[in-house]
Amino acid sequence: MSSHAHDDTGQHDGGGNGHLHAHAHAQSFPDANAQYFDAHAHEMDERPAHQELAQRVSAALLDAYQFKEEETVVMDFACGTGLVSRALAPHAKTIIGVDISQGSVDEFNRRVENQGILPEEMRAVRAELKGEDSELDGLRFDLIVCSMAYHHFASYVDMTRILAFFLKAGGHLFVVDIMKNEDGMAVIPQKFGHIVPHLHGLSESDMRGAFEGAGLQDFSYGLLTKMKRNGKDESLFLTKGVKAL
Ligand SMILES: C[S@@+](CC[C@H](N)C(=O)[O-])C[C@H]1O[C@@H](n2cnc3c(N)ncnc32)[C@H](O)[C@@H]1O
């Protein structure tokens, strides 16, 4: 979750084209995110707000997609410590969590092991995906979910194209993130600017552009829930796209 960070960078979302560069920082956004979430992985699952959020996100995903316990192969991209994955796991054949933070991946796998779940059914790997054939052992997915991470990606446009690459034909991509405010105010505090390039959240047109740019069809964007985080009201959206058959 985006909380308790330090420096105030004053970065802002440069016009909604989905591309940003960490020009003011020695560290890239992926490196800064890995460092931040490594440091917080051990206590992430204990935060009540995080648990509540994961519960609402999982319920919405279970409602929106027809899981088949014997068949559905899922990627939970930017999975963190796995709260969403663990809620989806009983409904899927396999869940692969992917995250840039080794600490989060270790925490994810530790909990899977403690619960006696087999790695064939559920595991996480640390990776910075590029969309290449050799990645993730050539696995392709019926469903890719990405919860509360798009605002952390310097280019969510490129990331959407990469995620679409890993879908099977007919596979679904679902993204949950923070809606952009009509009033143009940042929805995420400036102090998170070193790990969050999109402090204003993402609009329907931002997401539509990214999904259509990735060749995904059947686009939809709707309100998932409203929550108070970091002392502010946030509206979360659920976006869907489908890879052509
Ligand atoms: C706010 S947490 C969300 C975790 C989880 N999806 C959830 O909903 O509980 C954002 C996650 O995005 C990951 N992340 C940030 N940038 C990433 C990147 N470029 N590739 C993969 N994961 C990334 C972080 O390490 C962190 O685990």
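In this predicted model, a backbone N or O atom of A78 lies 2.7 Å from a nitrogen atom of the ligand. A polar side-chain atom of H50 is 2.7 Å from an oxygen atom of the ligand. For D99, an N or O atom of the side chain lies 2.6 Å from a ligand oxygen atom. The protein buries 97% of the 600 Å² that the ligand exposes when taken alone.

The shell around the ligand comprises 17 residues. H50, A78, D99, S147 and M148 come nearest. By class, this shell has 10 nonpolar, 6 polar and 1 charged residues.

The ligand sits in the largest pocket. The volume of this pocket is about 740 Å³. Its lining draws two or more residues from each of several elements: the helices α1 (29-44), α2 (48-64), α3 (83-88) and α5 (156-165), and the strands β1 (73-77) and β2 (94-99). Helix α1 gives the most, with 5 residues. In total, 36 residues line the pocket. Those nearest its centre are A78, I100, A149, H152 and F153. The lining has 22 nonpolar, 9 polar and 5 charged residues.

A78 lies in the loop between β1 and α3. Both of these elements give two or more residues to the pocket lining. The backbone of A78 also stands out. Most residues other than glycine have a negative phi. A78 is not a glycine, yet its phi is positive, at about 60°. The backbone of A78 also supplies the N or O atom that lies 2.7 Å from the ligand nitrogen.

A positive phi is also found at D218, with a value of about 55°. D218, like A78, is not a glycine. D218 lies in strand β6, which spans residues 216-229.

Methods: Residues numbered from 1 in each chain as written. Predicted model: local features only at pLDDT ≥ 70, side-chain atom pairs only at ≥ 80, totals over all residues. Heavy atoms only, no water. 1 Å grid on protein atoms, 1.4 Å probe; cavity = no way out; pocket = protein on both sides within 12 Å on 5 of 7 lines; lining within 4 Å. Points joined across faces, edges and corners; volume = space filled by probe spheres on them. Helix = DSSP H or I, 4+ residues; strand = E, 2+ residues; numbered from the N terminus. Nonpolar A, V, L, I, M, F, W, Y, C, P; charged D, E, K, R; others polar. Near = heavy atom within 4 Å. Polar contact = N/O pair within 3.5 Å; in protein donor to acceptor, adjacent residues only side chain to side chain. Areas by Shrake-Rupley, 256 points an atom, 1.4 Å probe, with all protein chains shown as cover. Sits in = over half its atoms within 2 Å of the grid points.
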